[in-house]
Amino acid sequence: MSQIHFEEISIASTKKKLRNASYIDDDLVLIDDLASLPWPNEPRRLNCILLAFCSAGKVQYSVNTEEYMVRANDAIIISEGTIADSYMVSHDLKGVGLMMSSNFFKDTVHSVHDLSQLFLYARSHPVFKLSPTEAETLVNYYNTIKQKVDETEHHFRSAVVKSIIMAMIYDISNVLYRLQQVSDKRQTRAETIFTSFINNVEKNFRSERRVSWYAEQQHITPKYLSETVKQVSRRTPNEWIDNYVVLELRVLLKNSTMSIKEITQHLNFPNQSFLGKYFKEHVGMSPSEYRKI
């Protein structure tokens, strides 16, 4: 089978496109000017975690086909494995950000279950408003992190940076915790189910597309899963699963050397004809036609 060669949004590629970026290996890169973030306008998978803060202007983007608008004093969390698209910025955009590898993030927040759960919550709330004080605190953290990252001769540089990021994440998580508390208990339970569902879809959509299977993983009925997902996201489980599959198909058709037969096998479709009908139903053209445009 041919190798998949589609472009990803990675720390390595971002480092190359940013001038004089502050970074630690391929684990962390700092973005001093959010407007310079080199994101394309075609679907690309994020293979790291992005934390960013907008201090002025606007950013519009989509993650897994969901569109978001970011304004002044908004924070952004985009998780690894999501597909970003349709990135547009206003002429007056200002902000900062940092991208972390999954391993760097896990090393930073190791053994802190509560933080992990709050960052899972952020999957369904990737944009959230900060108070002026919280915004100022986040910028101060960023400046301190940058100062330490630039101290390349510091023997304990990585450990010090992780400690500062850990403190910053605690403060971000406190904001997320506050947002969670605003919701009533029923909604919080619903969001927990939705987050678990999305996590399972992200890991398994290439091989499993039955709603009943995803319900079974959470030990709930397919009806309850469907009602809960629709309540939280205004989309059905089938729509979410289809979104992931179609996005993957688009990326593979445009950015890989895989044949349509190989893509059929990779995404566990019964045959090429079935894949062709599925793709045309959702995109409006055949896989071959889409690959040519």
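**Notes on the predicted model**

1. Starting with the helix pair: the axes of α9 (residues 237-255) and α11 (residues 272-283) come within 11 Å and cross at roughly 105°. That makes α9 roughly perpendicular to α11, a label for angles of 65 to 115 degrees. Axes here are lines fitted to C-alpha atoms over the stretch in contact, with angles running from 0 to 180 degrees between N-to-C directions. Helices are DSSP runs of H or I with at least four residues, strands are E runs with at least two, and both are numbered from the N terminus.

2. Who makes that contact (heavy atoms within 4.5 Å)? From α9 come Asp242, Val245, Val246, Leu249, Arg250 and Leu253, and from α11 come Leu275, Tyr278, Phe279, His282 and Val283. Sorted by class, this contact of α9 with α11 has eight nonpolar, one polar and two charged residues. Nonpolar covers Ala, Val, Leu, Ile, Met, Phe, Trp, Tyr, Cys and Pro; charged covers Asp, Glu, Lys and Arg; the others, Gly among them, are polar.

3. A word on ground rules. This is a predicted model, so local features need pLDDT of at least 70 and side-chain atom pairs count only at pLDDT 80 or more, while totals for chains, interfaces and linings use all residues. Residues are numbered from 1 along each chain as its sequence is written, and side-chain values use heavy atoms, leaving out hydrogens and water.

4. Proline 237 lies in helix α9. At 2% relative accessibility, proline 237 counts as buried (under 20% relative accessible area; exposed is over 50%, partly exposed in between, with a 1.4 Å probe and protein chains only). Not counting residues up to four places away in sequence, proline 237 touches Phe197, Val211, Leu225, Ser226 and Val229.

5. Arginine 19 sits in the loop between α1 (11-17) and β2 (23-24). At 80% relative accessibility, arginine 19 counts as exposed. Arginine 19 and isoleucine 31 are 12 residues apart in sequence and 9.9 Å apart in space, C-alpha to C-alpha.

6. On to the cavities (sets of points on a 1 Å grid over the protein atoms alone where a 1.4 Å probe fits but cannot get out): three reach 30 Å³ or more. The largest cavity has a volume of about 100 Å³, the space filled by probe spheres set on the points, which are joined across faces, edges and corners. Of its 13 lining residues (an atom within 4 Å of a point), Leu51, Ala52, Phe53, Leu138 and Met168 are the closest to its centre. The lining of the largest cavity divides into 12 nonpolar, one polar and no charged residues.

Note on methods: 1 Å grid on protein atoms, 1.4 Å probe; cavity = no way out; pocket = protein on both sides within 12 Å on 5 of 7 lines; lining within 4 Å. Parallel < 35°, antiparallel > 145°, perpendicular 65-115°, else oblique. Contact = heavy atoms within 4.5 Å.
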